[in-house]
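Thanks for coming, everyone. I would like to walk slowly through one model today, so please keep the sequence and the picture in view while I talk.

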Amino acid sequence: MKIYLTSLESAFAKALKNEFVSRGHEVFAGEDLQKLSVIDLFVATENKRLDGDDFTVNDGIKPEIVLESLRYNMIAPIKALEAATNALDASEIKRVCFLSSHKACVTGCEETSGYGYNMAKAALHQALHLTFNRLRPEGYTMRLYDPLEGELPAEVSAFTAAEFFLRSRSYDPDNKENRSDEHNFALYDAKNRHISW
Amino acid sequence: MKTALITGADRGLGLALVREYLNLGYTVFAGRFLADFHLLDDLKKEWPDTLHPVQLDVESRASILAAAQEVAAITDHLDVFVSDAAYMGGPENSRVKGEMPIDESLLEKAVAVNALGALQCVEILLPLLRKGEEKRLCIVSSEVSSVTLMQRDGDFRYCMSKTALNVAVRMLQNTLASEGFTFRLYQPGWMRRQQPDGSFTQWNDCQINAADSAKAAIPIFTSRRPDDAYKLELVDYLGSVWPF
Ligand SMILES: NC(=O)c1ccc[n+]([C@@H]2O[C@H](COP(=O)([O-])OP(=O)(O)OC[C@H]3O[C@@H](n4cnc5c(N)ncnc54)[C@H](OP(=O)(O)O)[C@@H]3O)[C@@H](O)[C@H]2O)c1
């Protein structure tokens, strides 16, 4: 499979690359995009709480940090997908994968700081749901994954991610249209827990 | 004296909510943003003592700070904050494989106004809100903030900004609930937009008009519940609860 990672900046992204390579896939990253006419699996690896994104409402909101986080954690992955759709269209597989966290879900967010990260990823969730609705009829499938960074070792999280990204979900060859979890837009974490929004 | 501040009050739901709170006997600070709208001035003639229009661009920290100062010159406390201001316009250029490339600057603007706007207003008004008795923060969100129920496949700019708003409100609650602050997230229904002369645009998909949605909001905004400190819900004009 031809796999494209938007960046190898994080420990998780590096571990994920190694995991794909060890399974025999061809892995490309960052600048390689222009050279690729086909991408089977696209992974946006941007997923970071930025320096300074540690204020509570009592400390004072820092709008410039929130917007910087939006650019990094939401806009960059979406623009990268936009740039990759020609190469994805040329693939039979057309799978797109993104990273997020349960902390960015209204239901489960227990945090008092990290506004930049949480708001950017919350925005990403909704942008991706609309995008999923848009691209699913064209044969695209999507994965949204919480690597539980800081909680699990990057190698473990990368192994679990590779499994989640590469395997299909409840594919029923006799009932392709209905009985497939590929029709559900969902966030799963590295422990295979389904996270509610 | 009971006091409320409402953003985006030049027209539509914001203006209708100003009217509701005035009727309830509140002194109301009404955020004004649009130069060509004079509906607030007309209302001021009816309520010369208790309505105070204040210039307020929620995207600008300087503007929120100036508005807070203006309010503080008149009252030492705010009981209620209502966030209604929203940026809903802009060209349709926020979809993957759309006709135009996605405009990054407008994605930022939507979050800056619709999510960061309310967040910074709460932050900057906190000293006044802490001295209020009610400590009630009412945030107008939208049906399209719900990730669970999102069925559209088009432009995501406005929708995603309201989802970001919801999580910001959750985080505010995580910090402020212990001080007695309570929150309302409201989905007002599909309403027609109001024109400078006060009339409303025609729109066949309209579910409710702004005045009725404001009336429906009042029992939700003013109620007290035993679970207020623990729960955050997105509630619509019919009183039904939306999943996040
Ligand atoms: N209308 C609907 O069907 C609907 C559905 C669900 C939720 N909502 C929400 O309900 C609320 C009210 O909607 P509405 O239909 O009454 O809309 P509206 O008439 O457009 O009222 C919102 C007001 O906020 C203003 N605004 C924009 N940017 C601002 C800024 N930076 N600072 C302060 N004010 C600013 C708008 O001005 P401009 O027009 O110049 O931008 C507008 O006057 C909004 O929060 C909206 O998101 C509306």
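This is a predicted model: local features need pLDDT of at least 70, side-chain atom pairs count only at pLDDT 80 or more; totals for chains, interfaces and linings use all residues.

Let me begin with one pair of side chains, those of B:Glu108 and A:Arg71, which meet in a salt bridge at 2.9 Å from N to O, a salt bridge being a side-chain nitrogen of Lys or Arg within 4 Å of a carboxyl oxygen of Asp or Glu. Residues are numbered from 1 along each chain as its sequence is written, chains are lettered from A and ligands numbered from 1 in the order in which they are written, and side-chain values use heavy atoms, with hydrogens and water left out.

Between chain A and chain B the count is 3 salt bridges, and the contact (heavy atoms within 4.5 Å) takes 46 residues from chain A and 47 residues from chain B. About 3800 Å² is buried between the two chains, with carbon and sulfur atoms giving 70% of that area; buried area here is the accessible area, taken with a 1.4 Å probe, that two parts lose on being put together, summed over both. Of the area that chain A buries against chain B, A:Val106, A:Gln126 and A:Leu130 supply 18%, more than any other three residues.

What is the order of the strands in the open sheet of chain A? The 7 strands run S2-S1-S3-S4-S5-S6-S7, with mixed pairing, and two strands count as paired if DSSP finds at least two bridges between them. Strands S2 (26-29) and S7 (194-195) of chain A stand at the edges, each with a single partner strand, so one side of each is left without a neighbour in the sheet.

Further in, S3 (residues 41-44) and S4 (residues 95-99) of chain A pair in the parallel sense over 4 bridges, and A:Leu41 has A:Arg95 in S4(A) as its bridge partner.

Finally, within chain A, A:Glu163 forms a salt bridge with A:Arg23, the closest N and O atoms being 2.9 Å apart. That pair links distant parts of the chain, 140 residues apart, with A:Glu163 in helix H4 (residues 154-166) and A:Arg23 in the loop between helix H1 (11-22) and S2 of chain A.

How values were computed
Helices (H or I, at least four residues) and strands (E, at least two) are DSSP runs, numbered from the N terminus.
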